[in-house]
Amino acid sequence: MVIADDPRILELTAPEGDLIARFATHVGMVGCSLRHEGDELLGIGGGLEAYVDQGKVFGIPLLYPWANRLGGWSYDVAGRHVELDRSSQLLHGDEHCLPIHGALAATSDWAVRAAGPSSLLAELDFAAHPDLLAVFPFPHRLELAIRLGAGRLTITTTITAGADAPVPLSFGFHPYLSPPGAPREDWLVELPARTALELDVHGIPTGAMQEQPARTFTLGDETFDDLFAVGTAANFSVAAGGRRATVGLTAGFPYAQVFAPAEQPVICFEPMTAPVNALQSHEGLRLVPPGETARTTFALTIERPVA
């Protein structure tokens with residue numbers, strides 16, 4: 001359904017009526033609302049405008065073609081050298097002036113191919129946009145299939161490489177969860193067994209790793225900005241007010257970042273196809289061969305009551 005005050009924002013409703021989501025087709029396909037039984041589950045901060053203008057916490061952004069940070073403003077991968085333009089309107093630097101979260105945050109180049117009451121299919125053709133190719137010179141088609149079912153939002157990403165070059169997979173999503181019903185310090189967090197990848201002061205992996213068992217705990221005053229290798233089909237959850245939200249890495253996301261800052265009531269379980277800085281380090285980096293297709297899927301499931 002088109003939102004009356006902005007036809008570029010599409011609203012989806014699960015057939016059961018319990019879950020309603022909105023996606024901004026003109027702002028990088030960011031998920032800008034997810035309501036369960038009337039309650040907003042996402043951290044929306046200062047809203048869509050603050051997200052676009054200042055990169056503030058907001059909704060469920062797609063981090064593409066890289067998730068989180070690069071270790072510098074150039075990279076070499078798949079036989080191509082890329083120098084990123086620091087003045088590009090597509091790029092943003094973090095607090096250490098490193099390029100962060102890719103180049104699609106505010107792009108309006110998505111084309112909606114199909115939209116129904118509970119599903120949405122949108123596509124972005126990199127080959128048709130020289131500004132995107134300057135950042136990521138790998139012609140390909142990027143597709144998002146978004147679906148709502150009973151208590152579940154599912155997002156499937158399809159990457160179809162062009163005929164002449166492979167496409168590196170280094171992207172992710174950043175679902176800012178802000179479960180209602182309890183203050184941040186009382187949220188119950190569940191993490192799966194995982195391998196922690198040590199990060200330096202700039203948030204770049206050092207190469208050191210440590211195995212960590214599954215853990216269930218009350219968040220309290222703990223903070224996170226941590227990177228993990230998780231294998232396949234890992235689940236991360238947060239519960240508050242008799243409701244549990246679970247991010248399930250269904251397919252194609254062997255890494256995840258957990259982000260829970262002290263100053264904001266949000267927690268993120270970020271599906272990632274590769275570790276931070278993979279375009280530079282090549283660690284954990286996969287390539288889609290020319291002419292072939294790769295798919296990833298993650299789901300956000302809401303359950304009530306919580307035992």
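R194 lies over the face of F228, 5.0 Å from the ring centre. By that I mean NZ of Lys or CZ of Arg within 6 Å of the ring centre and within 35 degrees of the ring normal. R215 also has its charged end over a ring, that of F217, at 3.7 Å from the centre.

Some notes on the source. This is a predicted model, where local features need pLDDT of at least 70 and side-chain atom pairs count only at pLDDT 80 or more, while totals for chains, interfaces and linings use all residues. Residues are numbered from 1 along each chain as its sequence is written, and side-chain values use heavy atoms, with hydrogens and water left out.

Now the aromatic pairs. Rings of Phe, Tyr and Trp (its six-membered ring) pair if their centres lie within 6.5 Å; planes under 30 degrees apart are stacked, over 60 edge-to-face, the rest tilted. That rule gives 13 aromatic pairs. Y64 and F136 pair edge-to-face, at 6.3 Å between centres and 75° between planes. Y64 is in the loop between β6 and β7, and F136 in the loop between α2 (130-135) and β11 (140-149), so the pair ties together parts 72 residues apart in sequence. Helices (H or I, at least four residues) and strands (E, at least two) are DSSP runs, numbered from the N terminus. Both Y64 and F136 are buried, meaning under 20% relative accessible area, with exposed over 50% and partly exposed in between (1.4 Å probe, protein chains only).

Finally, N68. N68 sits in the loop between β6 (62-63) and β7 (74-77), and counts as buried at 3% relative accessibility.
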